[in-house]
Amino acid sequence: MTSDARPLLSICIPTLNRAALLDVCLASLLPQTEKWPELVEVIVSDNASTDSTPAVLDKYAQQFHFRRHRNTENIGLLGNITLVPSGLAAGEFAWLLGDDDLLAAGAVDQVIAVLQSDPEIDLLALNVGYYALADRPTVRQAMEGIRKEPATQLRNRGLQGRQQFAELLEGPCADFTAMYASVLRRRWWVEEFPEPLSGAAFTSVRNSYPVAYLIAKYLTDKPAAALRSPLVCIYAMPADQFSWAAFHPLTVVLRATELLKLFETQGISRRVLEPYYMYQLDNRGSDLGNLVWDRRSQGGWWEAAKFAWLLRRYPLRLLKVFIVACGHPHSPALLRLPVQWRLQR
């Protein structure tokens, strides 16, 4: 790539102390980008790792072209995530991948084909395949991308090509909180995050789900496209292996509901969002219980009350989800035992 050339796509990978996972991620990705030296750049931002991450990057630098950056100190999860697309990347579009995410074979080719054929789009929504942890490949097996078909997919309506944004939300619930499932024009990152996020994380939608926040704030009325093939491969991991595990109940219960409200204020109809609200009410009972009763959780009754207020137009379902939450193992016996007795009948 010449010094004054601007790539079409920046693939951005923030990482910290997960060298083994990053090793497999890069094996699936970097061989796919070699054929696009003028169009694709890969940037790995190491958030001052203390494990063998530098050695993994050294290994791949001997064979593949990519850019590497190392923060002199840990700038936080959200700081590193927002730094890569807004401060380090140069492409027209940015695609954020986690260091544990893998790509299907041919994924980069398909993304480039859409971005080249439809230069007006601001957002490309990707399908994601989900796999059991036992199926996670070795570095050798992941080289050049995953070929095994996934058991389940994020989007299975078969959406393909140019779409109105609201169409991307139709059908099975599409998880726009998954940063790896969206490729968006990089200027939105630069506009919203001219400096890396700092301070406490997970206090709002903006610093919990930055990609989804950008989409909701800027892109609901912009041209979008979708690819039906599951291009990103995600493998189940125990919840306690995530650095943000203590914040999981807070984000999936309250922040995800706040995100839906943001979509609604940006013009997405209640009819389109109704299945998402129902999902929050019908499937978040155990997470709500963790939020309220688990002392390790970064939240409590105040956040639960906010959740209830946002969904107050569904009083019966709200009552049900709070009843389920009261069956949490750490709730008072006076609340827990009647719920458990009822569920066992």
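User: Is cysteine 25 buried or exposed?

Analyst: This is a predicted model, where local features need pLDDT of at least 70, side-chain atom pairs count only at pLDDT 80 or more, and totals for chains, interfaces and linings use all residues. Residues are numbered from 1 along each chain as its sequence is written, and side-chain values use heavy atoms, with hydrogens and water left out. Buried means under 20% relative accessible area, exposed over 50%, partly exposed in between (1.4 Å probe, protein chains only). Cysteine 25 has a relative accessible area of 1%, so call it buried.

User: And cysteine 233, buried or exposed?

Analyst: Go by the relative accessibility again, which is 0% here. That makes cysteine 233 buried.

User: How many disulfides does a search of the whole structure find?

Analyst: A disulfide here is a pair of cysteine sulfur atoms within 2.5 Å. The closest cysteine sulfur to that of cysteine 25 belongs to cysteine 233, and at 11 Å it's too far for a bond. Cysteine 233 is in no disulfide either. Searching the whole structure, the count comes to zero.

User: What share of the contacts with a separation of 6 or more comes from residues 24 or more positions apart?

Analyst: A contact means heavy atoms within 4.5 Å. Looking at contacts with a separation of 6 or more, residues 24 or more positions apart account for 80%.

User: What does the C-alpha trace span along its principal axes?

Analyst: Take the C-alpha trace of the protein along those axes. The spans are about 65 × 45 × 40 Å.
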